[in-house]
Amino acid sequence: MLISIVLGAIVLREGSFLIVPLVWGVFFAFSLNPISNWFEKYRFPRPLAIVFSILLVSLVAFGIFYALLNQMVGLIRDIPEIGESLEQKVSIYLEELSEVFGNELLKDRDKSELLNIFKLENINSTLFATGKSLTLAGIIPLYIFLLMYYKDFFVEFLIRFSSNHKERVLQWATDSGRVIQLYLSGMIRVTGIVAVLAGLFFYIIGVKYFLLFAAFIAIMNLIPYVGVFISSFFAILYVFLTTDNMVYPLMTFGVLWGIQLLENNIITPLIVGSQVKVNALAVILAILLGGWLWGISGMVLFIPLVGVLKITLERTKGLEPFGYLLSDDLPEDSSSGWSFKRIFSKSEKGKD
């Protein structure tokens with residue numbers, strides 16, 4: 001088993017160039033399947049229904065990208081000016097801290113190494129890597145089309161492959177597809193709400209590229225626990241560098257933190273619900289493992305993949321305990337007499 005796990009990790013990591021677009025294609029195929037079925041319901045041929053579904057989503061995505069393009073170009077042009085502002089402010093604050101503590105905190109060489117992080121060359125290399133990823137994503141629509149076109153073929157394969165357990169396998173495929181579909185559609189709606197809330201705040205305080213930062217925060221929010229810290233750091237840093245008052249960066253921190261609390265405790269439970277039903281420890285491990293294997297794509301994809309893995313383990317004889325290990329169904333501790341479920345049940349009885 002250990003050898004299989006190690007070899008599987010090597011295949012996933014080294015074959016990410018082929019596997020990641022395919023997995024994205026599978027996820028989007030499940031998400032677009034209801035739209036394609038709606039077109040087929042009105043007697044559209046399947047190939048035409050699939051093409052219309054992909055075009056409809058692509059037009060929406062292209063419209064959003066076009067709206068952000070001008071702001072992206074403007075931000076890239078402002079990078080040298082932002083870098084100079086960063087260098088000035090860092091030097092001023094380090095000098096003030098040195099006066100307080102009575103010695104020099106950073107040598108000149110250390111200061112230059114710190115500021116090299118924000119050099120134009122490093123940012124350009126990051127943008128080049130992002131462009132390379134977008135080019136690789138160009139094959140995803142082809143995967144989506146083929147997977148949706150041959151969906152009956154895959155169903156027939158599952159029936160023939162599991163002739164003795166046909167009902168269980170088909171139910172597993174249905175439940176797995178529902179988890180993927182509901183998770184992705186729900187997260188798209190959550191992303192839109194977070195983008196609107198963050199965009200309104202940035203617009204009110206006068207951030208020049210408010211649409212770009214709102215979209216960045218909303219998209220990075222797809223990565224639980226990690227993405228919000230990364231996106232908030234860059235947003236607060238930009239506000240800090242483009243304003244002369246510390247009130248705005250502190251206000252930005254407070255508002256983004258409030259949006260995150262609102263999203264985690266109200267918006268996501270109402271819209272997405274507990275479709276994945278995976279505990280927080282498993283989610284964090286999935287994010288770290290996905291980031292190590294597939295980068296940003298892995299950090300997003302591994303969360304619903306763990307949900308599918310949980311369903312698979314729960315329906316495989318002998319592996320049910322491993323499926324329970326991934327679930328968020330906490331047991332009641334009868335020995336201690338304390339649990340969240342017991343507290344809530346007592347409060348309900350008290351009300352009655």
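Lysine 310 forms a salt bridge with glutamate 314, with 3.2 Å between the closest N and O atoms. Both residues lie in helix 13 (residues 296–314). They are four residues apart, about one turn of the helix. The model is predicted.

Lysine 310 counts as buried, because its relative accessibility of 7% falls under the 20% limit. Glutamate 314 is partly exposed, with a relative accessible area of 35%.

By the distance rule, the structure has five salt bridges. Three of these pairs are set out here.

| Salt bridge | Closest N and O atoms |
|---|---|
| Lysine 310 with glutamate 314 | 3.2 Å |
| Arginine 46 with glutamate 40 | 3.3 Å |
| Arginine 46 with aspartate 152 | 3.1 Å |

Arginine 46 pairs with glutamate 40 and also with aspartate 152. Arginine 46 lies in helix 3 (residues 46–101) and aspartate 152 in helix 7 (residues 151–161), so this pair ties together parts that are 106 residues apart in sequence.

Glutamate 40 is partly exposed, at a relative accessible area of 24%. Aspartate 152 is partly exposed too, at 47%.

Glu40, Arg46, Lys151 and Asp152 are linked in a network of salt bridges.

Technical notes
Residues are numbered from 1 along each chain as its sequence is written. This is a predicted model: local features need pLDDT of at least 70, side-chain atom pairs count only at pLDDT 80 or more; totals for chains, interfaces and linings use all residues. Side-chain values use heavy atoms; hydrogens and water are left out. A salt bridge is a side-chain nitrogen of Lys or Arg within 4 Å of a carboxyl oxygen of Asp or Glu. Buried means under 20% relative accessible area, exposed over 50%, partly exposed in between (1.4 Å probe, protein chains only). Helices (H or I, at least four residues) and strands (E, at least two) are DSSP runs, numbered from the N terminus.
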